[in-house]
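User: Hi, I have a model open and want a quick tour. Can we go through it step by step?

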Amino acid sequence: MGFSLLNGLVLGSIYAVSAMGLSLIAGLMRLVQFSHGEFFVLASYCFAFLLRSGIGLIPSLLLSLLVSFIAGVLTERLLLSRAESDHNRSMMMTFILSIVLSNAFLIFFGPYPVQSEARIDGSIEIFPGISMGSQRMVSGAIAMISFLMFYLWVRFTRMGRAIRAVAQDPEVALSFGINPVRTRTLAFGISTALAGLAGVVLSPIFPVVPDSGAQVTLTAISVMVIGGMGSIRGAAVAGLLLGLAESLGSHYLSTRYAPAFGFLFLILTLLFRPRGLYGNRV
Amino acid sequence: MSILRVSGLSVNRGLLKTIHSISFSIEAGERVAFVGPNGAGKSTLIECLIGLIPRVSGSFETGRIGWVPEGRRVFADLTVRENLDVGADLLRVPGKRKQLLELVFGVFPDLAARVNQAAGTLSGGQQQMLAIGRAWMRDPELLIVDELSLGLAPLVVKDVFRALDLWVRDESGRALMIVEQNARMALQHADRGLILESGRIVREGNSTELLSDPDLVKSYFS
């Protein structure tokens, strides 16, 4: 029970990080970004191969995040900005991009699972009788710290405020000197970097294959919808709840049903609170 | 001193020519009303002046513009304070932000009492005050107020216009551009009026003169 709770929190904070990125874009660009998971996979591969090249843990982590950030910026600049805020077109673009990217991963990295070798051995006894693998603890801690930092960034910095202002009224924001185009590009990069961060912290735990992205995107979309589209806080809370539900569900029922809990949760939310927990807030 | 000088300005909206080569200027200390029916090109003119749509020909020169948009358009999910901070984002003079905040809260104490409240939860009148305050935070030379009276109680409108009057007179080098469908109200609060029809200025004059013109009374103020 104690272990399941902790495990749920770890898993949940990783879900939260990934879904917050997706929700940021949903709020800002009114767009469901279907290639979110591919940026997760891209960063996982990057991290695994960079580690193997022997440049060390922290540089590998930072470089992988940078790669997913730049990939996001390029995607927004070269593809999405051309759709001229036609949401259906942009959505189709991200959908196609997800197929293209997962096939590119297959060509470049092959079909076999790749796991990063950032093994941190041993376990930590947190409460008497409850211990957890150090690996998971570290992953969970990184995820938790980053989602707190991201939340504070959106809430309290000038740039975060600019993003929220553009999300609500790009024209008025522009009249006050905020450049909506640049804001969108930056936010998109940050969103894919968050997907990348989730990919990096999960890569030592779950091996990645070229089409892992689809599941990641689906989970992130569920979390985002449960939390309320565009709500950063909602994504964080829903991520944690989903992590806990999956972990406790696997503990008491069966691990085989774990993915089903997410969708059950989603259906219940849509039935009883269609706008999500924190509907319509960025 | 001219705050806004427009010469031969033409603007398209999509493929349609909406503003046909208009020229006018607004001097410091002036309050100028732009009136005219729906579709006269009032909104297009504003959007061009603040840089949302490009001009086709002609030119204009202006200082800093503060825009109070039609329908208020406050950032509903941001707090009152955050809305004002967005307004002040372009300020470069140190200490100016604090000074302007004092101005806004001095004129609109309702806002001071609600700094941490989300703007979307304010009443219509308070949102209008916030939209004006947000524009003031830019420390503008020209304040453009679009359809201020829409959907507000007459008493609130009176208060808000009084605040705008004070703002113009408070410091030299400020001017007010009032854009309204409600022509009588706009002219009552302005020194001078311009009447726009189908993208052209068809009449120009001081407010008392325009308000007492029998032809205009028939077509605009009845």
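User: Where does B:Arg73 lie?

Analyst: B:Arg73 lies in the loop between strand E5 (65-68) and H2 of chain B. Helices (H or I, at least four residues) and strands (E, at least two) are DSSP runs, numbered from the N terminus. B:Arg73 is not a glycine, yet has a positive phi of about 45°.

User: Before more details, what sort of model is this?

Analyst: This is a predicted model: local features need pLDDT of at least 70, side-chain atom pairs count only at pLDDT 80 or more, and totals for chains, interfaces and linings use all residues. Residues are numbered from 1 along each chain as its sequence is written, chains are lettered from A and ligands numbered from 1 in the order in which they are written, and side-chain values use heavy atoms, with hydrogens and water left out.

User: Back to B:Arg73. Is that one buried, partly exposed or exposed, and what is its relative accessible area?

Analyst: B:Arg73 is partly exposed, at 27% relative accessible area. Buried means under 20%, exposed means over 50%, and partly exposed is in between (1.4 Å probe, protein chains only).

User: Which residue other than glycine has a positive phi near 45° too?

Analyst: B:Ser198 has phi near 45°. B:Ser198 sits in the loop between strand E8 (192-197) and strand E9 (200-206) of chain B. B:Ser198 is exposed, with 51% relative accessible area.

User: Now the inside. Which residues touch the most other members of the largest nonpolar core?

Analyst: That core has 97 residues, and B:Phe24, B:Ile26, B:Phe34, B:Leu45, B:Leu142, B:Ile144 and B:Met177 touch the most other members. A nonpolar core is a set of buried Ala, Val, Leu, Ile, Met, Phe, Trp, Tyr and Cys residues joined through side-chain atoms within 4.5 Å.

User: Which helix gives the most to this core?

Analyst: Helix H1 (residues 2-29) of chain A does, with 15 residues.

User: And what does B:Ile26 touch?

Analyst: Leaving out residues up to four places away in sequence, B:Ile26 touches several residues, among them B:Val32, B:Phe34, B:Leu142 and B:Met177. Contact means heavy atoms within 4.5 Å.

User: How many residues are in the second, separate core?

Analyst: The second core has 45 residues, including B:Leu91, B:Met137, B:Val160 and B:Ala183.

User: Why would nonpolar side chains be buried together?

Analyst: In soluble globular proteins, they just tend to be.

User: Which residue of chain B does A:Arg161 bridge to?

Analyst: A:Arg161 pairs with B:Asp85, with the closest N and O atoms 3.8 Å apart. A:Arg161 lies in helix H6 (residues 158-168) of chain A and B:Asp85 in helix H2 (residues 80-87) of chain B, so the pair joins two chains.

User: Are those two buried or exposed?

Analyst: A:Arg161 is buried, at 10% relative accessible area. B:Asp85 is buried, at 9%.

User: Which residues are joined into one network with them?

Analyst: Salt bridges that share partners link A:Arg158, A:Arg161, B:Arg81, B:Asp85, B:Asp89 and B:Arg97.

User: What about A:Glu76: which residue does it bridge to?

Analyst: A:Glu76 meets A:Arg77 in a salt bridge (3.5 Å, N to O). A:Glu76 is buried at 4% relative accessibility, whereas A:Arg77 is partly exposed at 34%.

User: Last topic, A:Thr269. Which helix holds it?

Analyst: A:Thr269 is in helix H11 (residues 258-272) of chain A. A:Thr269 is buried, at 9% relative accessibility.

User: What is A:Thr269 in contact with?

Analyst: Setting aside neighbours within four places in sequence, A:Thr269 is in contact with A:Val225, A:Ile226, A:Pro274 and A:Gly276.

User: And A:Ser90, where is that?

Analyst: A:Ser90 is in helix H4 (residues 87-109) of chain A. A:Ser90 is buried, at 7% relative accessible area. Not counting residues up to four places away in sequence, A:Ser90 touches A:Leu31, A:Leu80 and A:Ala83.

Technical notes. A salt bridge is a side-chain nitrogen of Lys or Arg within 4 Å of a carboxyl oxygen of Asp or Glu.
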